[in-house]
Structures are given as structure tokens and as C-alpha cells.
Protein chains: 2
Amino acid sequence: MIPNATDAGGAELSKVFEHIDANKDRFVSRLLDYLRHPSISAHNIGIGEVAELLLGMLSRLGFEARTFPTSGHPIVMGRWAHAPGAPTVLLYGHYDVQPPDPLEAWISPPFEPTIRDGRIYARGAGDSKGQHFAQILAIESHLAVHGRLPCNVLFLLEGEEETGSPHIAEFVRTHRDLLKADLVVTADGPMHESDRPVIKYGVRGIAAFELRARAANRDVHSGIFGGAVPNPIWTLVHLLATMKNAAGKITIDGFHDDIVPPTDLERTMAARLPLDVANMKRELGLAMLDAPADRPLADRLMFHPTLTINGFHGGYGGPGSKTVLPHEAFVKCDVRLVERQTPDDVFAKIEAHIKRHAPDVELVRLEGILPSKTPLDSPFSEVVQRAVRTGQGVEPLIYPVTGGSLPEYVFTKILGAHSFVVPYANADEANHAPNENIKIDCFLKGVRTGAALLDALGRCKSSKAPIFAPAEPTGQTQI
Amino acid sequence: MIPNATDAGGAELSKVFEHIDANKDRFVSRLLDYLRHPSISAHNIGIGEVAELLLGMLSRLGFEARTFPTSGHPIVMGRWAHAPGAPTVLLYGHYDVQPPDPLEAWISPPFEPTIRDGRIYARGAGDSKGQHFAQILAIESHLAVHGRLPCNVLFLLEGEEETGSPHIAEFVRTHRDLLKADLVVTADGPMHESDRPVIKYGVRGIAAFELRARAANRDVHSGIFGGAVPNPIWTLVHLLATMKNAAGKITIDGFHDDIVPPTDLERTMAARLPLDVANMKRELGLAMLDAPADRPLADRLMFHPTLTINGFHGGYGGPGSKTVLPHEAFVKCDVRLVERQTPDDVFAKIEAHIKRHAPDVELVRLEGILPSKTPLDSPFSEVVQRAVRTGQGVEPLIYPVTGGSLPEYVFTKILGAHSFVVPYANADEANHAPNENIKIDCFLKGVRTGAALLDALGRCKSSKAPIFAPAEPTGQTQI
């Protein structure tokens, strides 16, 4: 399955792959060791210890390594900068994990890594200790075989991803110089459900908010006061109905003004993705997709913003009937943003909309993440695709955008670098759930993919307009 | 304050009032005894014992009395039918009480009746043991003074009013002959906040229902699936927005078809009521009343139906943001009905409306009570008003309709009798709340009012077209 490295990467990579193959049992065993250390950011368990562990690993590889404190959990940074003229890749990951609850649902304990049926079961196995540990082993393998790396590497590992990365943007803004890189690669998340590798070029942003309505100073009787006292639930219903119509069109004034439509290439690549509407409908028990009915699935998930009501609560919710006219209610919503919408601008437009339609409703801004998109024709596009193809042995699926929101914008918009998300974990990794796991095969292919990436980048010139030096099947490579 | 009975009721009533005055301390003491017996229908506590108590009281007064079992709690019936040619009044009340929780909020325990500042504090003091006990004492006083009652009396006391009177309609339908009466009088609820007595001629009905929407078979991620998977909260928002518009108009097709507009007399009487919009706004902290803005308060509460959302629940309701796309949601609503809307017809119209606008939404019918209205020019109108004026010493306020829903229709629509609600309790009786109470003065005026009612009815001819025989200020009265 795994192609001979020489197909794409030349002799140097071939030797690295041989090293990985020869050490695979030891690599798995060392991952098990790493996974034994809890690092639960939400509960502040084990964070400092695991940051120290990583600092040691990077130092032993010859990286200049240090931890940067934040007002939350520390960021671990490592730098290897001995490949002048070659590009610099920033490898991003996070060393914190989700809480393991509910514990009773785990077949083997979350911090006692266990191998069953070719998978390593442990909290963090997929998300994302197994993935950045694969990157570390890829670096180690290059160094073991060649005594040097083919390109410059920055390693950025944060300890707060599972609590919303509250400090990463500020850190990147402050340390822009230290983080100067030609591209960013993140190994996180799952591959396609077919286990085909994917490369994600963009993510939608998010603007999450709450709308709060109040009327009387207390709940009143719907008979004695009904018809006289305003109802905050009706206020919110009528306000919401002015924000998105039943045909699925968001009708907040100016909402679509800043949207840049997808490029032809993005449309073409999106159309090629094996998105199976019938399967999604069957799996979720849906008779039809959301309005509008005629929009292709890829367009829905990549190129259109959304306005989702996450929750609506007000008044009586118990069994049977209660004749109450409630005095307060709230809705929680999130808008998924596409380029070039910004949370601030969207919040301002919602605020203006509310002022016109329901001025007494309070808007509470909850969370904002900018969208991010790396062009499909990025000068690093072919390098990254080639590396994934070489490491995984199969053509990757190209996602111009994915629906969920990650803080990729800190790399593309703050750092100004192209950013690629290249997941190594199997689609059924059960991240955030009991029995989280990574297939050993996926982990080892991840190590190979990391190694192939370094190799492929070593064949480029630096500074964002790399001239790709094609690999010579058996000969020497020009850098 | 209390006028000499001879002003309106002649010598017979005057003597009954003297008896009441002479026995007032004993009457209060006996009410305290009665209130010591819990009768919590929702928890099935003390119901049988209190039904037996009432049976004994009515029997000792010379009533034919019995209890009728239902599939819930028993109904206590009493009949005194020894006034041939005089009308028959059906006195309705309920002997069950609300649960007393939260107990810690009571200054004195709910079933240890305590007098403070001229009020009797106990669960049931106002709602409605104190009120039907006043009727019993009115009867007792007539019998003590004259050895007979001026009219025929049926007493109907149910034990399930606080749990929605689930069996009263069936009971009245089955026992139509036994319950044959010229009019029904109910002493329940509060007087006006000024302590002025009121007579309620009608009540709005109710059609309570739940709307349930489901989309996927589980909650999904709003980023990964947002734009593709339908959102049941949006479905309900858009459906609700088609049922009532932001201007306050109910827009369910055919909803207003059966509504009979109020008569000129009803409008005139409603306009005379001291409904204080400014005070309501101040007391409830409202900047304005509900839409539409230009509707008089009396019209809102009496002559227009409502569509109130009692509760809306779906999705995330905790702190901060959660990027979930919920898979189910529900709203609870009640429609207050006016003549001649019926719950069945309104449910059918809502069902047809849903079929057109959101066919996957499920309608669950919860509760239906028909509206009820006794004409202001009822032949008993003057009799009842005169009795209240005589008993209370002040002109009653006439409510053509009140906003809340009571099962008055079982009397007006099933029994075909005119029905009058004549509350004896003070407006701040705190029914359904801790520290429920009745002012001793209100209780004793209630006894007088009950006595005045029997007296006034004794001056009428029977059979729904009474010829009122005006009282002679000092002389004998023709029956």
C-alpha cells in the first residue's frame, strides 16, 4: 500500500521510511508512554508535566525549545533553523486533551493506553497527541538517518485548544517575528470516513451570540393578562423570523455584502469531493436537507454562511400545560462566516438589525473566530499534496473549506502564512468521546507523511514563492 | 359600611344579618376548624375526610346529601327543595386545595389556621374553603332564623378543581336532571384590588397545545452540518410567525370565523370598569402593552382571543456558547377562546394550518375548555347584583367576561343555566401561594352576601324568567 519513497521523494526519504519501518514497534511503544500522561486543560490536570515532557523531547532533538507562559496554560515552542535557503514550516498542534468523562463508558481506562484490533485506545490518541507525536517522530527519523532536517521547522504546541484556544491569537500577534514561517501545517482532526487522507485549505469562521428578551418583571397568568402583557418569546420569534426566512435566506441587512464567492477552482475541487447526500440523509434519518432545497451539499458546508439557532429557552417546559405568560426568554445562535466576513462586522449588522426590529432585545456577543482560507493554487499546494500522497500512499481529498471553525486565521490573517490542515487520525477516532483511539496504521502513516512533508519542503526555495525542485527518483536533490 | 338589610332585603333578611353579626366569632372559629383539615387533590391527602365533613355539614342542615364517586376524587352534592314555586340556585365550589409548597415560605403553617391583622392565614382560606363555607353559614343562618330557606338550593362541591376539574363536565352531563337549576352561583376567586365586589358573567375558554418538531435523529455539530441539516427550532420559529404576526394579529386561517362580537351592553359595562392601564404598566414594569397598541385594555382581556406561547424549549441552554444544531424542540401554547369558538374547532384549524406550513410538526392537544358567557341582561342579573350590593354594602363591578378560564361552560352550555361568579375573597388572598389568607371582614361579608342572595332569589318566580318581586323596605315580602 505504501509506495516506495523513491517514487516521489528520492533516496533520502526512502532511507527515512526504512528507519520508520524498522522502528515502528518502538514508536508505538513510545506513543503509549506519552499517552499515559493526562493533560486535561479544562481541569488543569497534568498540563505542566506534559509541557515539560515536550520541552525535553524537542530539546533532545536539537531544537531550541522553551515554554511561554500565558494567563492560561503554557505554549511550548521549538525551533530548528539550520537549513538556510529552505522554507520554514510551522507545525501546530495541541498537547491538551478533553476530559475523559464518562469514565464508565471506556473499555480500558483513558490514561492506560491499550492496543486492541490494531488501534491504540487512550484519551488524546487521536486528538491530538498521537498526531503531533507522529510529527516529532518524523523529525527524529530524518535526524537519525541524515543528521539534519531538509527544511527549517518551528513547532508550536498549545495547551488550551480544548478550551477554545483563548490565548493563541494574542500569542501569535505578539511573537510574529519568532513565528515567521512560509507555511503552517496542522495534523489534527480525522481523515475521510473512507480513511482517505484529506487536506483542508480553509475553515468557516464563527460569530456566536445570545439574544435576550424581557417584558414584565415577572411571569403572569396567560388568562388574566393574555392580550395585554407582551410576551418575550413572541418578540424573539418575530425578530428571528426577520433574520432568516423560511426559504433559508439570511435576511439581516447587509449580511452578504462582504462575501467573496468561491473561485472556479474551489468550486471544481468541491464538486469532486465524495460527499454522499443520500448517505448523510440515511445516517441522520433525514427526509430532506435544510432549505434552500436546490443547493449542492458542498456549497452548503463550504461556501455559504449559516445562522443556526443553538438553543431557545423561555417559559414552561415541563409535562402537560401551564398557563403562564413568561417574562423572559433567550436564544443562542451561531453564524458560520465565510470569507471575508468578520465577527465584528456581523455582530454590528445584527445589532443594527435588532435596533430596527426589536430594540428592546439585548444582544450578547459570545465568541468570534474569523474564517480562513488558503488559496488552492498556493505555491505550497503541490508540495503538501505530494507529501500526503507519498506518506499515505493514496491521493488526498482536497477541501477548499470545511464547515467547522478552527483558529486557522491566526496563521493566515495574523501571521500571513498559508495554512494546511492534514489530519492523520482515522475518521472513527472518537475524539471528545469515550474510547478515543488511533489506528496504528494511521499513526505510522502519519509519521511517514510528516517525514515526506519535510523532505518535499526541502526541495523548495523559501519565501512564499517556492520553486519546486522535482524529486529525482534515485539521484541527488537540489535544495 | 354594611347597609341595614332592610334597605334591600326586608325584615327576613334583616333578622338573618343580625344572626350572622351575633355569631361572627363562632363562624370564624368554625372556619378555622374546617381549614385545619388538609384536602390536597394533587397529592390525594385528606380528600375523603373533608368530603365526609361536608356531607355531615349539609346533612345537619337538613339537606339530602350524598357523595358521588368519580374516577378521581368524589363530588359532594346536597339538595334542599322545599320552596315550591321559588327558583333553584346551584351553588358550586371546590373543597380541594393547592399543595402548600414551599412550606418554608409560610409564616404560620398552612394547616394551622392563624389570625393576624384581621386575616385568617391557611391553605384554602380563600381558595375556596372560606368561600363555600360562607355559603354554608348563610344557609345555616336562614334556617336558624326562619326554619326554612327562601329558595331551593343545590350544593355542588368538587374535589378536583385544583387539578383541572377533569370529571366535572362528565358529571354534569350525566346528572343533568339532578342538577336542574335556574341559575348557578360560584363564590371563588378574588374581588377587585380595591376590595370592591365583582360579578363575573363570563370567562374565556382555552385550547392548550404543544407543537413538537424533530429533524435529524440526533444533535449534530453546527459547523460540520450547519447549512445542510434542518433545524427544528427554525421550523417552529417560522411556523409560529405564520400563526400570529408582529402586529398582534392571529393569522391562523379561519381563526376568527366563529367569533361573536360583544354586545353594546357588554362594551358599555366593560368601559365602565376601573381598569388602570398606567397602574398595570407600573406594577409589572412595562413600557407598553402588547401589540396591537391601540386596543382598549378591557377589549384585550375580555373580547379578543389570544395565542400565548407558554414555553419554548430546544437545544442548548447553559452558559456561554455551544455550537450544536439541535434535533428536536417544542413549544407550548394556549389560545384563550371567546364566544363562540370551541377548542375542537380551533384545534382543527391549527392542525390544518400546520399541514399547510410545516407538515412535519406534531400537534399535541393538551387541554380544552369552552368559553362561557351569561348575558348581562339575564333575568337573574338584577337579583344577583342586588344581593351582592346588599351583602357587601357597595355597588359590584360587572365583568362581562374575565380573562382566565374556568369550567363555567358546564353550567351554561351543558346545564343551560345562567352562571354568575361572585368572589368573596380579598384580591391579595395569595391563592396558590404561601400565606394564603382571607380577610375576616371579607369572609363575614361573604356570609351576608350568600344570605342576601337566597333572600333575593326567594322574591323571584322560578323557571328562568323570574318576575322580580321588589323588596318592601319595612313590610312583608311576597314570595
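Helices here are DSSP runs of H or I with at least four residues, strands are runs of E with at least two, and both are numbered from the N terminus. Two residues count as in contact if their C-beta atoms, placed from the backbone, lie within 7 Å. Axes are lines fitted to C-alpha atoms, for helices over the stretch in contact, and angles between N-to-C directions run from 0 to 180 degrees.

This is a predicted model, in which local features need pLDDT of at least 70, side-chain atom pairs count only at pLDDT 80 or more, and totals for chains, interfaces and linings use all residues. Residues are numbered from 1 along each chain as its sequence is written, while chains are lettered from A and ligands numbered from 1 in the order in which they are written.

**How the two chains sit together**

Let's start with the symmetry. Turn chain A by 180°, shift it 0.3 Å along the axis, and it lies on chain B with an RMSD of 0.3 Å; the superposition is by least squares on the C-alpha atoms of residues with pLDDT of at least 70 in both copies. The two copies are therefore related as by a two-fold rotation axis. Both use the same surface, and 100% of the contact residues of chain A recur in chain B. The residue of chain A that comes closest to the axis is A:His313, with its C-alpha at 2.3 Å.

The contact draws 62 residues from chain A and 62 residues from chain B. On the chain A side, the elements giving two or more residues include the helices α6 (232–243), α8 (277–284) and α9 (297–303), and the strands β12 (306–315), β14 (328–337) and β15 (362–369). The largest share, nine residues, comes from β12(A). By class, this side of chain A has 29 nonpolar, 24 polar and nine charged residues. For that count, Ala, Val, Leu, Ile, Met, Phe, Trp, Tyr, Cys and Pro are nonpolar, Asp, Glu, Lys and Arg are charged, and the others, Gly among them, are polar.

β12(A) and β12(B) (residues 306–315) run antiparallel and are joined by five bridges; two strands are said to pair if DSSP finds at least two bridges between them. A:His313 meets its own counterpart here, with B:His313 as its bridge partner.

That pairing belongs to an open sheet of eight antiparallel strands, in the order β15(A)-β10(A)-β14(A)-β12(A)-β12(B)-β14(B)-β10(B)-β15(B). β15 of chain A and β15 (362–369) of chain B are the edge strands, each pairing on one side only. From one strand to the next, the twist averages 20°.

Helix α10 (residues 343–357) of chain A lies across β10, β14 and β15 of chain A, at about 165° to β15(A). Over in chain B, α10 (residues 343–357) packs on the sheet too, touching β10, β14 and β15 of chain B and making about 165° with β15(B).

| Helix pair | Angle | Axis distance | Crossing |
|---|---|---|---|
| α1(A) and α13(A) | about 160° | 10 Å | right-handed |
| α11(B) and α13(B) | about 140° | 8 Å | right-handed |

A crossing is right-handed if the near helix is turned clockwise from the far one by less than a right angle, and left-handed if anticlockwise.

At about 160° between α1 (residues 10–22) and α13 (residues 440–458) of chain A, α1(A) is therefore roughly antiparallel to α13(A); that label covers angles over 145 degrees, with under 35 roughly parallel, 65 to 115 roughly perpendicular and the rest oblique. Residues of α1(A) in the contact include A:Leu13, A:Val16 and A:Phe17, and those of α13(A) include A:Leu444, A:Val447 and A:Ala451. The contact has eight nonpolar, no polar and three charged residues.

In the chain B pair, B:Val384, B:Ala387 and B:Val388 are among the α11(B) residues that meet α13(B), where B:Ala452 and B:Leu453 are among the partners.

**A second sheet**

α13(A) also lies across β5 and β19 of chain A, running at about 70° to β19(A). These strands belong to an open antiparallel sheet of three, β4-β5-β19. β4 (114–116) and β19 (437–439) of chain A each have a single partner strand, so one side of each is left without a neighbour in the sheet. Neighbouring strands are turned by 25° against each other on average, direction ignored. β4(A) pairs with β5 (residues 119–121) of chain A over three bridges, and A:Ile115 stands opposite A:Ile120 in β5(A).
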